Amino acid sequence: MIKALALTTAAAHSTDLWASGSEKKATEMQLKGNINHSVCQWTFGDLPLETLCIAVKKMGLQAIDLLAPKDWPVLRKHGLTCSMCYIPGKVSLTDGFAGKEFHTSLIKDYEEGIPLVAKAGYKNLICFSGNRRNMDDETGLNNCVDGIKKILPLAEKHKVTLVMELLNSKVDHHDYMCDHTAWGVELCKRLGSDHFKLLYDIYHMQVDEGNVIATIRDHHPYIAHYHTAGVPGRHELNADQELNYPAIMKAILATGFKGYVAQEFIPTGKTEADRLQALKDAVLTCDV
């Protein structure tokens with residue numbers, strides 16, 4: 001009886017990465033410390049930032065992604081960091097560095113934002129290629145190099161990394177220029193600075209190109225940050241979607257990555273408790 005009880009107890013405490021939320025609700029959340037976890041604020045935008053801060057702090061997370069300077073004091077109040085910052089001005093996924101007509105306003109905003117990021121003690125500042133607008137890859141690359149080179153010395157001076165996000169152009173962001181890893185890597189090579197890297201969004205790149213683990217292994221020196229979500233649908237990281245997130249996280253960990261992995265799935269739960277439970281489940285799934 002004692003032996004059977006021991007086996008039953010061990011089984012009850014084993015973690016099934018693909019368990020349902022209801023099965024995990026009774027399990028205390030204990031993170032291994034190998035992955036630096038974060039969450040994108042906009043996917044929980046129905047929650048006041050204060051509420052989200054309290055919730056993620058209880059989960060053991062240290063950071064929240066994609067916040068502008070006006071929101072940083074709330075993070076500091078709760079002992080959290082901003083793992084990926086926004087500029088203080090207009091944030092546009094469509095009007096980016098690939099369009100020369102946007103350079104003047106972008107340079108102004110980044111010249112203001114870079115010192116603010118550094119002063120706050122943060123490291124990463126997001127940027128976007130913007131849309132193609134009938135440009136070919138080479139023209140877009142040249143335009144991005146021209147614009148980013150004007151702010152890169154300031155980023156280097158303040159030890160801030162400019163991070164361009166890879167987004168899919170098939171489903172969510174039609175006409176976006178930086179929609180394949182090879183294009184982003186080529187931009188990194190042309191700029192030739194450790195203070196310009198890529199945000200590899202696992203969801204977006206699965207949609208546009210697949211081959212996620214091999215791509216991470218081949219190009220990890222150019223990646224500063226990761227985002228997650230289930231494919232298809234951009235929802236929870238559960239067994240209803242096609243990506244094997246534990247395997248992907250192990251591949252990321254094997255590269256020696258020390259940055260953040262931020263959850264960016266759109267929760268489908270009807271209540272606040274359900275949505276926060278989905279976040280817990282996703283973090284546990286990625287906590288290898």
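**Ground rules**

I am working from a predicted model, where local features need pLDDT of at least 70 and side-chain atom pairs count only at pLDDT 80 or more, while totals for chains, interfaces and linings use all residues. I number residues from 1 along each chain as its sequence is written, and side-chain values use heavy atoms, with hydrogens and water left out.

I started with helix packing. Two packed helices are described by the angle between their axes and the distance between the axes. My helices (H or I, at least four residues) and strands (E, at least two) are DSSP runs, numbered from the N terminus. Axes are lines fitted to C-alpha atoms, for helices over the stretch in contact, and angles run from 0 to 180 degrees between N-to-C directions.

I found helix α6 (residues 137-148) packed on helix α8 (residues 181-191) at about 40°, with the axes 10 Å apart. That makes α6 oblique to α8; the cut-offs are under 35 degrees for roughly parallel, over 145 for roughly antiparallel, 65 to 115 for roughly perpendicular, and oblique for the rest.

Which residues of α6 and α8 make the contact? With contact meaning heavy atoms within 4.5 Å, I listed Asp137, Glu138, Gly140, Leu141, Asn142, Cys144, Val145 and Ile148 from α6, and Trp183, Glu186, Leu187, Arg190 and Leu191 from α8. By class, I get seven nonpolar, two polar and four charged residues there. For the classes, Ala, Val, Leu, Ile, Met, Phe, Trp, Tyr, Cys and Pro count as nonpolar, Asp, Glu, Lys and Arg as charged, and the others, Gly among them, as polar.

**Entry: α8 and what comes after it**

Thr181, Trp183, Gly184, Val185, Leu187, Cys188 and Leu191 of α8 are buried. The cover over those buried residues includes α6, α7 (152-157), β5 (161-165), β6, α9 (202-208) and α10.

Just past α8, Gly192 takes a positive phi of about 60°. I then looked at Ser193, in the loop between α8 and β6 (196-201). Ser193 is buried, at 10% relative accessible area. Its side chain reaches the backbone nitrogen of His195 at 3.0 Å. Not counting residues up to four places away in sequence, Ser193 touches Leu152, Glu156 and Cys188.

**Entry: α10 against α11**

Next I took helix α10 (residues 212-219) and helix α11 (residues 245-254), whose axes come within 9 Å and cross at roughly 10°. That makes α10 roughly parallel to α11. The contact uses Val212, Ile213 and Ile216 of α10, with Ala247, Ile248, Ala251 and Ile252 of α11.

Val231 and Pro232 are joined by a cis peptide bond, with omega about 0°. Pro232 sits in the loop between β7 (223-228) and α11.

Leu66 is not a glycine, yet has a positive phi of about 65°. I placed Leu66 in strand β2 (residues 63-67), and it is buried at 6% relative accessible area. Lys159, also not a glycine, has a positive phi of about 60°. Lys159 lies in the loop between α7 and β5 and counts as exposed, at 55% relative accessibility.

**Entry: His225**

Is His225 buried or exposed? I have it as buried, with a relative accessible area of 0%, in strand β7. The His225 side chain makes a polar contact with the side chain of Asp65 at 2.8 Å. (A polar contact is a pair of N or O atoms within 3.5 Å; within protein, one must be able to donate a hydrogen and the other to accept it, and residues adjacent in sequence count only if both atoms are side-chain atoms.) Leaving aside neighbours within four places in sequence, His225 also has contacts that include Ser83, Met84, Asn124, Tyr200 and Phe257.

Technical notes
Buried < 20%, exposed > 50% of the residue type's maximum accessible area, 1.4 Å probe, protein only.
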